[in-house]
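Hi,

Here is the model I promised to hand over.

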Amino acid sequence: MDVVLLSEDGQPIGTCAKELVHTTDTALHQAFSCHVLNADGQVLVTRRSLNKLTWPGVWTNSFCGHPQPDEVMEDAIKRHAQHELGLSIKSVELALPDFRYRAVDASGIVENEICPVFTAVIDSEISANPSEVMDHRWVDPNQLRDSLRLTPWAFSPWVVWQAEQMDLYQRA
């Protein structure tokens, strides 16, 4: 699988094998994040597998991924939902079209992504892929917001930054 490399202004400039892109000097590339909701309005948080290269064992949003070259973003989201969580997505909505971040984990590996953020609704059961997800929980968005504010170190940096900007986590 390849990821799409991007110029500083977000234009595609090439591709790189996914297994080679995340290093201590990661090139800017295309990604996405998705926050999944159930019919009760709860949001799914997942704990990254210990096999993950970046932020292993850390709690994060429902799932993230990289679209393939020329892949429609919604198709990439549906593909990753199925692969990581065994989920069928009912609807997808763009929440943060311009989210971009760079973060360095404890091992020195860098995430450097233009990463639009989506929400999705599901109506199926979770069947988590253990190579991607080691645990998951359905939580009230307000409770997650409070946890992110009180213990940001327990979560991936991108979910902390995303939640600060998303309407989903700004409710009273």
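S156 sits in the loop between helix 3 and helix 4 (helices are DSSP runs of H or I with at least four residues, strands are E runs of at least two, and both are numbered from the N terminus). With a relative accessible area of 0%, S156 is buried (buried is under 20% relative accessible area, exposed is over 50%, partly exposed is in between, using a 1.4 Å probe and protein chains only). S156 touches W55, V58, W59 and T60, leaving out residues up to four places away in sequence (a contact is heavy atoms within 4.5 Å).

Before the rest, two notes on how to read this. This is a predicted model, where local features need pLDDT of at least 70 and side-chain atom pairs count only at pLDDT 80 or more, while totals for chains, interfaces and linings use all residues. Residues are numbered from 1 along each chain as its sequence is written, and side-chain values use heavy atoms, with hydrogens and water left out.

On to the cores. In soluble globular proteins, nonpolar side chains tend to be buried together. The largest nonpolar core here has 25 residues, and V43, F99, L144, L148, F155 and Y169 have the most contacts inside it (a nonpolar core is a set of buried Ala, Val, Leu, Ile, Met, Phe, Trp, Tyr and Cys residues joined through side-chain atoms within 4.5 Å). Strand 5 (43-48), strand 9 (100-104), helix 3 (141-150) and helix 4 (157-165) each supply at least two residues of this core. Helix 4 gives the most, with four residues. L148 touches F155, V159, V160 and A163, again not counting residues up to four places away in sequence. Apart from this core lies another one of 18 residues, including M73, A76, I122 and I126.

Strand 5 is worth a look in the viewer. Five of its six residues are buried, so the strand is mostly covered. Strand 5 pairs with strand 12 (residues 133-139) in the antiparallel sense over six bridges (two strands pair if DSSP finds at least two bridges between them). In that pairing, W138 of strand 12 is the bridge partner of L44. Strand 5 also pairs with strand 6 (residues 59-60), antiparallel and over two bridges, and there T46 stands opposite T60.

At the other end of my list is a hairpin. Strand 1 (residues 2-6) and strand 2 (residues 12-17) run antiparallel and are joined by five bridges, with L5 opposite G14. Five residues lie between the two strands, and G10 in the turn has a positive phi of about 85°.

Now the pockets and the cavity. Everything was searched on a 1 Å grid over the protein atoms alone: a cavity is a set of points where a 1.4 Å probe fits but cannot get out, a pocket is an open set with protein on both sides within 12 Å along at least five of seven lines, and lining residues have an atom within 4 Å of a point. Grid points are joined across faces, edges and corners, and a volume is the space filled by probe spheres set on the points.

The largest pocket has a volume of about 400 Å³. Its lining has 25 residues, of which K18, R48, K52, H66 and E111 lie nearest the centre. Strand 7 gives the most to that lining, with three residues. The lining splits into eight nonpolar, nine polar and eight charged residues (Ala, Val, Leu, Ile, Met, Phe, Trp, Tyr, Cys and Pro count as nonpolar, Asp, Glu, Lys and Arg as charged, and the others, Gly among them, as polar).

The second largest pocket holds about 260 Å³ of space. It is lined by 16 residues, and E93, A95, T119, L168 and R171 are the closest to its centre. Strand 8 (89-96) provides the largest share of this lining, five residues. By class, the lining has nine nonpolar, four polar and three charged residues. T119 belongs to strand 11 and counts as buried at 15% relative accessibility. Beyond its neighbours within four places in sequence, T119 is in contact with C34, H35, S91, V92, E93, A95 and M166.

Finally, there is one cavity of 30 Å³ or more. M1, D2, V3, K18, H66, Q68 and H80 line it.

Cheers
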